[in-house]
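Hello,

Here is the structure I promised to pass on. My notes follow it; please read them with the model open.

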Amino acid sequence: MKCFACGVNSKEWLYGEPIDKELAVAWNLSVGLKSLFNQREGTVCPSCGINSRAIGLAKGIAKYYGDHKSFDSFVNWANSKRLSVAEINSCHQLHTQLKKIKGLTFAEFGNSKDSEDIQNLSYKDNSFDLIIHSETLEHVPDPYKAILECRRVIKEDGVIIFTIPIVWNKKSLQRASIDKKKIVNLSPPAYHGFRKDDYIVFWEFGGDFLKKSHSKVLWADPKKQNYVFLSKKIEFKGSWYEIMKYRLEERYYELRAQYAHSK
């Protein structure tokens, strides 16, 4: 299979299961949904190391800017158009390809050199054509404030393209908050990444996310529970039909995965 990000053909991709039992219990995932999320996070290109989630992000970006057939094609186009791009926290191994964009501004949370708080960005209004982030909003106390802040710093015709983990048949749940700069756990603490405090999960997103965030789905692969979202200066209205469609897709592939694991 050819990797959309690096362009290398590989016969067999690597596979692991980063969604362990502890996280699945904390998130109340069924066997089927746990399998789908592991496909999303644990299927990895053996050449560049990018996972399916970040490949989905790359495909969403390429789709928005003219349906490019490879990410390298998008990068060349972005450079020809002098696109100004902000990558807020590294988007898995897609960062390696994003670094080829001459107009890239990169920020990594917790890095003293280029750290940014997505809820309170240091950038000026109307600075970027494109903002990209992946698996970031669930780790901030106020994700909707973060979305508004990203809208502030994009240009009038700019866009925000991002990913979050989402379970469509649930309502969004706030697991933690901040009080006087201290984390207050509203549910038993759950972590992503290396289980450091910086990776604590503040929010689990559900089917109400579209309406609350005024975003929409740009690209989707429900077989891997992989969704890429789009936000602009203008606010989208998530329709009941769209949300029900995603819920039904999720349920279908969840049941298929559960059946495969039961055999």
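The second largest pocket has a volume of about 190 Å³. A pocket here is an open set of points on a 1 Å grid over the protein atoms alone, with protein on both sides within 12 Å along at least five of seven lines. Grid points are joined across faces, edges and corners, and a volume is the space filled by probe spheres set on the points. Lining residues have an atom within 4 Å of a point.

This is a predicted model: local features need pLDDT of at least 70, side-chain atom pairs count only at pLDDT 80 or more, and totals for chains, interfaces and linings use all residues. Residues are numbered from 1 along each chain as its sequence is written, and side-chain values use heavy atoms, with hydrogens and water left out.

Back to the pocket. Its lining has 14 residues, and Met1, Ser52, Ile55, Lys59 and Lys224 lie nearest the centre. By class, six are nonpolar, four polar and four charged. The classes are these: Ala, Val, Leu, Ile, Met, Phe, Trp, Tyr, Cys and Pro are nonpolar; Asp, Glu, Lys and Arg are charged; the others, Gly among them, are polar. Helix H3 (52-64) and strand S12 (216-221) each supply at least two lining residues. H3 gives the largest share, four residues. Helices (H or I, at least four residues) and strands (E, at least two) are DSSP runs, numbered from the N terminus.

H3 itself is mostly covered, with 10 of its 13 residues buried. Buried means under 20% relative accessible area, exposed over 50%, and partly exposed in between (1.4 Å probe, protein chains only). Among the buried ones are Ser52 and Ile55, both also listed nearest the pocket centre. The end C-alpha atoms of H3 are 18 Å apart, which agrees with the 18 Å its 13 residues should span at 1.5 Å a residue. The expected span is 1.5 Å times one less than the number of residues. After H3 comes glycine 66, with a positive phi near 100 degrees.

Helix H2 (residues 31-42) has 12 residues and reaches 15 Å from first C-alpha to last, close to the expected 16 Å. Nine of those 12 residues are buried, including Leu33, Phe37, Arg40 and Glu41.

Valine 44 sits in strand S2 (residues 43-44). It counts as buried because its relative accessible area is 17%. Leaving aside neighbours within four places in sequence, valine 44 is in contact with Trp13, Leu14, Gly49, Ile50 and Asn51. Contact means heavy atoms within 4.5 Å. Valine 44 and isoleucine 55 are 11 residues apart in sequence and 9.4 Å apart in space, C-alpha to C-alpha.

A cavity is a set of points where a 1.4 Å probe fits but cannot get out. There is one cavity of 30 Å³ or more. About 60 Å³ of space lies in the largest cavity. Its lining includes Leu23, Trp27, Glu138, Arg175, His192 and Trp203. Helix H1 (21-27) and strand S11 (203-206) each give two or more residues to that lining. S11 has the largest share, three residues. By class, the cavity lining has seven nonpolar, one polar and three charged residues.

Next, the cores. A nonpolar core is a set of buried Ala, Val, Leu, Ile, Met, Phe, Trp, Tyr and Cys residues joined through side-chain atoms within 4.5 Å. The largest has 33 residues, of which Ile131, Leu137, Phe209 and Phe229 touch the most other members. Helix H6 (143-153) gives the most to this core, with five residues. Isoleucine 131 touches Ala86, Ile88, Cys150, Val153, Ile154, Val159, Ile160 and Ile161, not counting residues up to four places away in sequence. Apart from this core lies another, of 32 residues, among them Val75, Leu94, Ile161 and Phe236.

Two backbone points to finish. Lysine 180 has a positive phi near 55 degrees and is not a glycine. It lies in the loop between strand S9 (176-179) and strand S10 (182-185). At 75% relative accessibility, lysine 180 is exposed. Histidine 214 also has a positive phi, about 55 degrees. Its place is the loop between H7 and S12. Histidine 214 is partly exposed, with a relative accessible area of 27%.

Best wishes
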